[in-house]
Amino acid sequence: MRIGFQTGYWSRRPPKDIQQFIVAADKLGLDSVWTAEAYGSDAFSPLAWWGSRTKNVRLGTGIAQISARTPTATAMQALTMDHLSKGRFVLGLGASGPQVVEGWYGQPYKRPLARTREYVDIVRQVMRREAPVTHDGSFYQLPLSAEAPGAMGLGKALKPTVHPFRPEIPIVLAAQGPKNVALAAEIADGWMAGFYAPRMDDEFRALLAEGFDVRAEERSAADRFEVCATVPVVVRDDVEAAADVIRPHIALYAGGMGAKEANFHKQSLDRLGYKEPLDKVQELYLAGRKEEAAAAVPTQLVEEIALVGPAEKIRRELPTWEKTAITTLLVQGDPASMLALLAATQDSSLAGRARSTAGSLLAKVAPSKV
């Protein structure tokens, strides 16, 4: 199991000193760095800026929202990033939710799976550069039909002028619902899970198997499929103190990341068996009582989807995660926790280097909230 770093969303401004941390982690053997976007910072720009200071880590969008850009625009950015990084780029895509898609992008949200299927097909056409890109779907038409509202009828099928660095850039789909997880296994090169609990591993594997059963022969083999999971990590001597750092994060997703009747994050957590307490969390959050909402998040839930507590406890729990379908653990947390985990997963000599580097780095980098 590889270890990656999920930088997450920006708050009011860019995260302080994160570039210094990423450069240090790159030297320590970190597998990948991933960026996010919602309705603030975008996923591509920070990845290019921070990635330009690295040599080894893979650089992934985790995730780029499909409603934010046309599929050809996303393919152009992916093509560009892959050249600049010399083949280290991974394109993570996701449908987001109706509040953001319709409220921020002004796009309809219905039928996100069908839209995703068309989107991925067009991106792959651009990357292959075998012929001018064409698509006649329910959501995307290339070239645009002359009968389309406002069309001049002069559209022409085109190929990218730039030759791709690789004909296939890995595409990872963020998915939480059962059908979406199966879709990722069917058409993508990887799945990015939002809330992964090792206890549910058999269920997740079954959903992936559904997609693999109908996977096209030309797609890469199932044994090369990447499963990424974002896992918050907080190293503290006290478990409850560590869990307190994670609780607001869960309360935000369960309570505020989506309308009450269409919060896919909460639905994902509900499937873990926490619907009753999370109904209360959502009620408190939507009422503006955010601190109470966070306090209502069960510690057991935190420990199921995150690594929290003393370093030795986390070290004991890692084998459980390593037995799951996860191939890349995307750690989200403060630099101190991240470097401690990275050191725990390396051989003794590298762990020593990690501790030494962490000591000097953490003197300059202040821990941040998850």
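The legends below go with a set of close-up views of a predicted model.

Because the model is predicted, local features need pLDDT of at least 70 and side-chain atom pairs count only at pLDDT 80 or more, while totals for chains, interfaces and linings use all residues. Residues are numbered from 1 along each chain as its sequence is written, and side-chain values use heavy atoms, with hydrogens and water left out.

View 1. Strand E12 covers residues 328-332; strands (E, at least two residues) and helices (H or I, at least four) are DSSP runs numbered from the N terminus. With 5 of its 5 residues buried, E12 is largely enclosed by the rest of the structure. Here, buried means under 20% relative accessible area, exposed means over 50%, and partly exposed lies in between (1.4 Å probe, protein chains only). In a regular strand, side chains alternate between the two faces of the sheet. Thr 328, Leu 330 and Gln 332 point one way from E12, and Leu 329 and Val 331 point the other way. Strand E1 (residues 2-6) pairs with E12 in the parallel sense over 4 bridges, and Arg 2 stands opposite Thr 328. Strand E10 (residues 226-235) also pairs with E12 in the parallel sense, over 5 bridges, and there Thr 230 stands opposite Leu 330. For two strands to count as paired, DSSP must find at least two bridges between them.

View 2. Glu 226 forms a salt bridge with Arg 58, the closest N and O atoms being 2.6 Å apart. Glu 226 lies in strand E10 and Arg 58 in strand E3 (residues 58-61), so the pair ties together parts that are 168 residues apart in sequence. Both Glu 226 and Arg 58 are buried. A salt bridge here is a side-chain nitrogen of Lys or Arg within 4 Å of a carboxyl oxygen of Asp or Glu, and by this rule the count comes to 21. Arg 58 and Glu 226 are also linked with Arg 2 and Asp 31 in a network of salt bridges.

View 3. Lys 275 and Asp 279 meet through their side chains in a salt bridge, at 2.9 Å from N to O. Both residues lie in helix H9, 4 residues apart, which is about one turn of the helix. An α-helix has 3.6 residues a turn, so residues three or four places apart point the same way. Lys 275 is partly exposed at 46% relative accessible area, and Asp 279 is partly exposed at 29%. The second pair is Arg 289 and Glu 292, whose salt bridge is 2.8 Å from N to O. Arg 289 is partly exposed at 42%, as is Glu 292 at 40%.

**View 4. Helices H8 and H9 crossing.** Two packed helices are described by the angle between their axes and the distance between the axes. Helix H8 (residues 239-256) and helix H9 (residues 264-286) pack at an angle of about 85 degrees, with their axes 8 Å apart. That makes H8 roughly perpendicular to H9, a label used for angles of 65 to 115 degrees. The axes are lines fitted to C-alpha atoms over the stretch in contact, and angles run from 0 to 180 degrees between N-to-C directions. Among the residues that meet are Ile 250, Leu 252 and Tyr 253 in H8, and Leu 269, Leu 278 and Val 281 in H9. Contact means heavy atoms within 4.5 Å.

**View 5. Helix H6 and its surroundings.** Helix H6 (residues 178-187) has 8 of its 10 residues buried, so it is largely enclosed by the rest of the structure. Asn 180, Leu 183, Glu 186 and Ile 187 are among these buried residues. The buried residues of H6 pack against helix H5 (112-128), strand E8 (171-174), strand E9 (190-193) and helix H7 (201-213).

**View 6. Arg 124, a buried residue of helix H5.** Arg 124 lies in helix H5 and is buried, with a relative accessible area of 7%. Leaving aside neighbours within four places in sequence, Arg 124 is in contact with Glu 168, Ile 171, Ile 187, Ala 188, Asp 189 and Arg 219.

**View 7. Ile 66 in a loop.** Ile 66 sits in the loop between strand E4 (64-65) and helix H3 (71-84), and is buried at 2% relative accessible area. Beyond its neighbours within four places in sequence, Ile 66 has contacts including Leu 93, Arg 115, Tyr 119 and Tyr 140. Pro 112 is 46 residues from Ile 66 in sequence and 9.5 Å away in space, C-alpha to C-alpha.

Definitions and conventions: Angles under 35 degrees count as roughly parallel, over 145 as roughly antiparallel, 65 to 115 as roughly perpendicular and the rest as oblique.
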